[in-house]
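The exercises below are to be worked with the sequence and the 3D structure open. Each task is followed by a solution in steps.

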Amino acid sequence: MRRRPQVAAAVATVVVMALAISGCGRGADAGAGVESRITVLAAASLTDAFSDVATAFEAATPGLTVEVNSGASSSLREQILAGAPGDVFAPADNANMAAVVKAGAAVDPADFVANELQIVVPAGNSAGVTGLADFADADLLLGLCAEEVPCGQLARRVLATAGVTPGGLAPAIDTNEPDVRSLLTKVEAGELDAGIVYRTDVLAAGDAVEGIDIPADANVAVTYAIAALTGAANPEGAAAFVAFVLSDEGQAILASFGFRTP
Amino acid sequence: MKPRVGQRRRPRSARAPWLIGPLAALAVAYIAVPFVALLQRAPWTNLGEAVRQPVVTDALRLSLVTAFAATGFSLLVGIPLAWVLARTRFPGRSATRALITLPMVLPPVVGGAALLFAFGRQGMLGGPVATATGFLLPFSVWGVVAANTFVAMPFLVVTVEAGLRAADARYEDAAATLGASRGMIFWRVTVPHAAPSIIAGAVLCWARALGEFGATVTFAGNLQGRTQTMPLAVFLALETDREAAIALSLVLIAVSLAVLLPLRDRWLGT
Amino acid sequence: MLSAVIEVAVGNLRLEVDLEVDEGEVVALLGPNGAGKTTALRAIAGLRPIDDGRIELDGCVLDHPATATFVATSRRPIGVVFQDYLLFPRLSALDNVAFGLRARGRPRADARAEAQRWLDRLGLADVAGARPRSLSGGQAQRVALARALATDPRLLLLDEPLAALDAGTRLWVRTELRRHLATFDGARLLVTHDPVDALVLADRLVILEDGRITQTGVPAEVTARPASRYAAQLVGINLLHGVAAGERTVRLGTGTELTVADPLPGPEVAIALRPQAIALHRHRPDGSPRNSWAATVSEVEADRDRVRVTLAGPVPATAEITPAAVAELDLVAGTPVWASVKAVDLTTYQR
């Protein structure tokens, strides 16, 4: 007889775990005091910032732990559409969010930060890069993100707007990197004379690189949207995390990483 | 002539011991199922169109050229290295053998970064060379070959070394007693004896080079027609169009099968 | 002429050998497994540099550590027939024989013509295009011999040339080898652990035990006065001489006829008979052994777990039997017995 409560508790634990694992626990109440976790699928450019945001969120919301799963926004989109478990989605561009919303996997995305592009050069700028015009110089070693990824699309738009590469062709470019980190690595190592990445990435790379501002009339503003996923195992936790990101405290942390308010 | 002994009739192939058959079938199924799944997702109607795009033909040509070049370079220096490891004793031989297998365990992206630090414009060796001659490995076809070679050569060296160890060195003695010089012994006796392992090693090396992604993109970058190989094209296609990515993968698989199957039949199978 | 003083350490074995082989002579280096025979041969061929000593062939110093002289294997005028022949598996018999000529810079066509002549001479014309894998043991041995001789060496080394053959072909190939060795006029050194091979093929025996030479001499000397237990056992072989009296029949000097298993190699033959192959009986045996004769025991000598029984009579020979058999037959000097031997146990060769 005395074993009854223990058995009940064990059964409850198994059920909660099963619901969490299967990802079909919509409406399942994690319950106050029961430890729970949420998974945030975030763009690679948000990795460091969201790590700090998650720490602050966990401190403010006892019992909830946050796992930030970062990657290329398009890869994360593919994972979500393929049914991978996750609670919150924060991609680096609106197209990926739009695709997920259209598929019904997320609702009500909210813009939470803005970013912009910046020219990045190795510390010391030995090639003497001064602005976008240098991206037509075939003698320099220049890199962009590939046009298949958001930072590559944006960089091409900026170069076209500035009249450096009319028609979008960039013959002086030596490499189209598959992601920002890969491009940044080559600039940090001094292998490239210049590249175009997000302002926040330049800041995060520290002393190894320098940023050169792009004139406001040529630059593009990128807004990042965040949304809870409809398939969230923990909808309350997901909503709480989104709210925290939009709060003053969350915004202050993001600003410290170079992000601006949208 | 006299009838040879041992003509007792034998079964054509061995009977598998208990559990071996099912386990072997499991191994085949484990490899086959993902490929079947891939084929099932393939956009068969658009396949021809996908293959004819310049971005695909460029990448395919570059992949083949660089994979063969990397294999050729690996053969050139890898066979001698395998010989030294198999046939000579010197202090640090074990360390050398461990070193040569490092690229097999290193994440390729790290390997690519290491190549940059060594042979890049600011690299340990690449820097002085670039200053003196203006020659740059990164962002060039040679960079792709260099990355492929770094990652794929260990497969050749390890395979050929094993083959040389298994080969009977007394054939080399026999050649020496017939007056053969060291060079003639190496080319006429050692290499032909190790031929099966050299072919097997070259196939492994080529296949690894053909599929190489991480080190290539990190060291050589990605530019259509110059450094964009098939795996890079596949990876980027995946960003925007999954069907195109699958189509490209199928092309890569078909081309590698077309190259490997005749070789397997001739050299590795019976 | 080969003159070799070899000192070399291999593992636990310390080999110290002083060996001479004259022009035209066939010397057998005879010893148990692990005695250092093959090491000595490898040292002479230059495949194993010696630690100390001096190897000289026809007045040319090949290996002399004291003066730091060492002639590479490929530059020594020495032909080697290896134990399992080591024919290059991917080359035809012809190209195997032509290999050494090509190594000496002969043009391909020239080398092949010369190789073909060697194959013809050794009765191998039919198998010139065959790969080693498809050759019989005897053919492979002759190809190996042709390959070694084609380079016109001054010394021919043979490492257990018959060990790779099965018992049936061995007898016949041994006789063939003896005939072919006779056509080569340089020095010949044969390594073997089989006393029959040594007795049939060699003019002189050198017995090597545990890295040292324990006896050397012509077969008759060694047979008569074995210097060690091993030698006694080894050369305790009965040697009989006779003439052909039929396709498979030999008539001994005493008039007794013995039947052998294979056709005789020539009109004058020698027969090697192992003491262990002789069976002794109280009464005349009936049944299979076709060769039996009445004899008288002249001497009984215990040798550890075996007993050597010397027989007088039409076939002078020594038999080796177990102590139990001696007790059962109640053998002492003077006992009359019947001896028998199977035809297959009589090894014949040309005298």
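**Exercise 1. Find the residue of E19(C) that stands opposite Val307(C), then describe the sheet around the pair.**

Step 1. Val307(C) has Ile321(C) opposite it in E19(C). The model is predicted: local features need pLDDT of at least 70, side-chain atom pairs count only at pLDDT 80 or more, and totals for chains, interfaces and linings use all residues. Residues are numbered from 1 along each chain as its sequence is written, while chains are lettered from A and ligands numbered from 1 in the order in which they are written.

Step 2. Strand E18 (residues 306-312) of chain C and E19(C) run antiparallel and are joined by 5 bridges. Strands (E, at least two residues) and helices (H or I, at least four) are DSSP runs, numbered from the N terminus; two strands pair if DSSP finds at least two bridges between them.

Step 3. The open sheet has 5 strands with antiparallel pairing, in the order E16-E20-E17-E18-E19 (chain C). At its edges lie strand E16 (279-281) and strand E19 (317-321) of chain C, each pairing on one side only.

**Exercise 2. Describe chain B and the side of it that touches chain A.**

Step 1. Chain B has 13 helices and 0 strands. Its C-alpha trace spans about 70 × 55 × 35 Å along the principal axes. Of its 270 residues, 40% count as buried.

Step 2. In chain B, 19 residues are in contact with 18 residues of chain A (C-beta atoms, placed from the backbone, within 7 Å).

Step 3. Helix H5 (108-119), helix H11 (214-220) and helix H12 (230-240) of chain B each supply at least two residues of this side. H12(B) gives the largest share, 4 residues.

Note on methods:
Two residues are in contact if their C-beta atoms, placed from the backbone, lie within 7 Å. A residue is buried if 20 or more other C-beta atoms lie within 10 Å of its own, exposed if 12 or fewer, and partly exposed in between; C-beta atoms are placed from the backbone.
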